[in-house]
Amino acid sequence: MPRPSRDAACLDALMRSGGAAEVAVLAAASSRSAVRACLAAGHLVSIGGGWVVSAGLGSRLREPPRSPAWHLLPEEWSAQWPELLVARSAVAASRRAALAGRCAALHRGWAVLVDPASTELATPHGRKARNLPAVLGPTTLVRRRLTAEELAARVTSPVRTVLDCAATLPFREALAIADSALRAGAVSHGELEEAAARRHASRAAVLRVLGAASGLAANPFESALRALLVGVEGATFTPQLSVPTSMGTARVDLGDGELRIAVEADSYLFHGGEQAFARDIRRYNALVAQDWAVLRVSFRDFMTGPEAVRDQVQSVVWARLSRR
């Protein structure tokens, strides 16, 4: 078979594998020399451990694109984001490791508040960690007692992912991931609590997240805002609280029904249409007409000045309590 045909067969086999494959698989579909030729031509990028990825996936790892996060407009989403997930999974396979933390959450389709800046991997105890080629960009390694199922899937289990994030991430980020996992039905409160009872490291942080976790939150912004408002004295905010109004039932992002305070996590993504915007205005007005205090929090204000947001909500709570 002429060399060009074998090179084409090598690249075709790579594409059938999703852009990442073991060298042995590509060589079986073409030849070892074809794999070497594709590497020399820059069509393939070696990630070590007997694995290669396409040049496109290699660039995704070096410069991770923004994910299709819940708070971005559609035109800001990156078409290459799915490629990054494939590339990260291949890196895990090449290191006989498993995706962990936020990378594991994203791999499972859960929404996160903050995208990981590196490929987060868990490697088994007692196994020597292989150095990653610089071409792959930043990587974070942690040691875990991984199961055979986790290594085969190249990702930590749903329960372990939630608990690891609860133990290591800031409260608001960890709560967003726990809420996402519950909302997706990937885990249950019972499973998380049972696993947490057997855990000793960072148990206080884990229990704090599990105590606040709820699958009712609609997105990571609401989860993180609820995490912030846990520190507000005198109020208890319930996610997606239903409130009867003259215009029908209004659902508020976070609400204290006793004090009649609603806190809305306002992202421009959810007010992109004129009808949706008008509907929300009518909903807010119906609440105010029934003596509800409605506070609207933008994502930018929350991320840049969370203390100011919490203080503002606290002031409204105190004002309501003083009326009693």
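Predicted model: local features only at pLDDT ≥ 70, side-chain atom pairs only at ≥ 80, totals over all residues.
Two residues are said to be in contact when they have heavy atoms within 4.5 Å of each other. D7 is found in helix α1, residues 3-16; helices here are DSSP runs of H or I with at least four residues, strands are runs of E with at least two, and both are numbered from the N terminus. The C-alpha atoms of D7 and H43 are separated by 9.9 Å, although these residues are 36 apart along the chain.

Residues are numbered from 1 along each chain as its sequence is written, and side-chain values use heavy atoms, with hydrogens and water left out.

I turn now to the sheets. Strands of a sheet pair through backbone hydrogen bonds, either parallel or antiparallel; here two strands pair if DSSP finds at least two bridges between them. Two bridges pair β4 with β5, residues 119-124, in the antiparallel sense, and L99 stands opposite L121 in β5.

Another open sheet has four strands, ordered β7-β8-β9-β10, again with mixed pairing. Its edge strands are β7 and β10 (293-298), each of which pairs on one side only. From one strand to the next the twist averages 45°; for such angles, axes are lines fitted to C-alpha atoms, for helices over the stretch in contact, and the values run from 0 to 180 degrees between N-to-C directions.

How are β7 and β8 joined? They run antiparallel with seven bridges, and a hairpin connects them through two residues. S242 has R251 in β8 as its bridge partner. Three bridges join β8 to β9, also antiparallel, and D256 is partnered by I261 in β9. This hairpin has four residues between its strands, and R260 in the turn has a positive phi of about 60°.

Which helix lies across β7, β8, β9 and β10? Helix α12, residues 220-229, does so, running at about 135° to β9. Helix α15, residues 306-322, packs on the sheet by touching β9 and β10, and its direction makes about 175° with that of β10.

Finally, I come to the largest pocket. On a 1 Å grid over the protein atoms alone, a pocket is an open set of points where a 1.4 Å probe fits, with protein on both sides within 12 Å along at least five of seven lines; lining residues have an atom within 4 Å of a point. The largest pocket holds about 400 Å³ of space, a volume being the space filled by probe spheres set on grid points joined across faces, edges and corners. Its lining has 24 residues, with R251, E264, R279, D280 and R283 lying nearest the centre. The elements giving two or more residues to this lining are β7 (238-245), β8 (248-256), β9 (261-266) and α13 (274-289). Of these, α13 supplies the largest share, seven residues.
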